Amino acid sequence: MRQAGRYLESYQKVRAKHDVLTICKTPELSARITTDAVMELGVDAGILFADIMLPLEGIGVKLKLVDGIGPVIETPIEIKEQVDDLSEFSPGEHVPYVLDAVQLVKQQLGEKVPLIGFSGAPFTLASYLIEGSPSREFTRTKRLMYDQPQLWSQLLSKLSQIVTAYLLAQIKAGVDSVMLFDSWSGCLSPADYRDFVLPYNQKILAELSGKNVPRVLFGVGTAGILSEMREADSDVFGVDWRLPIDDAWQVLGETAIQGNLDPATLLASEKLINERTRDILGRVAGKLGHIFNLGHGVLPETKPEKAKSLVQFVQESTRKKR
């Protein structure tokens with residue numbers, strides 16, 4: 001959503017007529033937003049327009065996507081009975097519109113531009129279900145994690161099954177890569193990540209291996225847990241802007257890496273944007289396995305022409321090196 005949403009005029013025109021859930025559930029609209037963003041920005045890959053809460057909404061979790069806030073859960077999880085009530089997930093039954101959108105985008109983009117599918121990771125999905133809305137401290141989530149480890153395990157196991165089925169269905173529908181968004185895992189200590197989160201991400205990524213589709217694991221604020229994330233054995237690791245990319249690569253070792261320009265940089269002058277971009281590319285030094293990207297989503301205040309200029313600058317700079 002962040003690639004296409006909020007700051008591109010093509011998206012704003014669609015959004016003026018439809019709410020986000022309606023767009024996500026209408027394959028023609030989702031595909032249109034996805035492909036329009038690729039064409040307008042000139043990027044090297046498309047990211048499916050969807051929301052990480054769609055599988056949960058599909059199995060009956062009552063929620064709203066509130067502008068300026070994000071997902072808001074009607075009844076946050078507190079007790080075992082609520083976890084027991086989470087239904088089994090069938091992609092074809094519960095999110096058929098996502099799979100239809102994938103096929104439409106692939107038809108429109110052809111083989112020229114790869115399409116990235118994605119899902120929220122179990123911890124991030126659990127944090128929404130428990131907190132009820134986006135959080136800074138994740139107090140309720142951590143309390144349940146610490147005080148009720150068996151319930152936590154039950155919840156994360158169920159979410160892992162949902163995520164695995166969801167991503168496998170996207171692969172079958174035609175996506176060229178899948179990304180696991182563990183957006184909020186940066187709130188965890190290395191020990192908490194290792195004990196309460198890593199096993200579930202490992203299981204999902206293992207289930208996705210051997211499909212000839214690169215797997216990307218991404219989180220925000222994860223500089224302190226990169227070495228633990230590395231144990232998840234993803235093909236690509238996304239890093240934000242809080243750690244120089246060459247330092248992150250030293251921690252991660254021989255793997256592909258995605259990142260890591262601060263999205264706020266796009267609010268600066270073109271001169272500063274180019275300087276910061278040149279610094280990242282200089283640190284990479286032409287090493288294979290780098291995917292240039294922002295360290296997180298595009299800010300809504302961003303001017304589209306600056307995003308387009310950044311894409312062109314990176315493509316021209318790396319083409320010269322090649």
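Ser10 has a relative accessible area of 16% in this predicted model, and it counts as buried because that value is under 20%. Ser10 belongs to helix H1, which covers residues 9-15. The points below begin with its surroundings and then move to other parts of the model.

**Around Ser10**

- Leaving aside neighbours within four places in sequence, Ser10 is in contact with Asp36 and Glu40.
- The side chains of Ser10 and Glu40 are joined by a polar contact of 2.5 Å.
- Asp36 is 26 residues from Ser10 in sequence, and the two C-alpha atoms are 6.9 Å apart in space.

**Around Thr124**

- Thr124 sits in helix H8, made up of residues 122-131.
- With a relative accessible area of 0%, Thr124 falls under the 20% limit and is therefore buried.
- The Thr124 side chain reaches the backbone nitrogen of Ser183 at a distance of 2.9 Å.
- Once neighbours within four places in sequence are set aside, the contacts of Thr124 are Ile52, Phe181, Asp182, Ser183 and Trp184.

**The nonpolar core**

- The largest nonpolar core contains 107 residues.
- Leu54, Leu56, Trp152 and Leu155 have the most contacts inside this core.
- Helix H10, residues 149-173, gives the most to the core, with 12 residues.
- Leu56 touches Val61, Leu125, Leu129, Leu159 and Ile162, when residues up to four places away in sequence are not counted.

**The cavity**

- How many cavities of 30 Å³ or more does a search of the whole structure find? The search finds one.
- The largest cavity has a volume of about 30 Å³.
- Its lining consists of Glu270, Ile273, Asn274, Lys306, Ser309 and Leu310.
- Helix H15 (270-284) and helix H16 (304-321) are the elements that give two or more residues to this lining.
- By type, the residues lining the largest cavity are two nonpolar, two polar and two charged.

**The second largest pocket**

- The volume of the second largest pocket is about 240 Å³.
- This pocket is lined by 13 residues, and Gly60, Val61, Lys62, Thr75 and Leu86 are the ones that lie nearest its centre.
- The lining of the second largest pocket divides into six nonpolar, four polar and three charged residues.

**Backbone features**

- Gly259 and Asn260 are joined by a cis peptide bond, with omega at about 0°.
- Asn260 has its place in strand S8, residues 256-261.
- Asn212 is not a glycine, yet its phi is positive, at about 60°.
- The loop that holds Asn212 runs between helix H12 (198-208) and strand S6 (215-219).
- Is Asn212 buried or exposed? Its relative accessible area is 79%, which is over 50%, so Asn212 counts as exposed.
- Ala285, another residue other than glycine, has a positive phi near 55°.
- Ala285 is found in the loop between H15 and strand S9 (290-294).
- Ala285 also counts as exposed, because its relative accessibility of 60% is over 50%.

Technical notes. Residues numbered from 1 in each chain as written. Predicted model: local features only at pLDDT ≥ 70, side-chain atom pairs only at ≥ 80, totals over all residues. Heavy atoms only, no water. Helix = DSSP H or I, 4+ residues; strand = E, 2+ residues; numbered from the N terminus. Buried < 20%, exposed > 50% of the residue type's maximum accessible area, 1.4 Å probe, protein only. Polar contact = N/O pair within 3.5 Å; in protein donor to acceptor, adjacent residues only side chain to side chain. Contact = heavy atoms within 4.5 Å. Core = buried A, V, L, I, M, F, W, Y, C linked by side-chain atoms within 4.5 Å. 1 Å grid on protein atoms, 1.4 Å probe; cavity = no way out; pocket = protein on both sides within 12 Å on 5 of 7 lines; lining within 4 Å. Points joined across faces, edges and corners; volume = space filled by probe spheres on them. Nonpolar A, V, L, I, M, F, W, Y, C, P; charged D, E, K, R; others polar.
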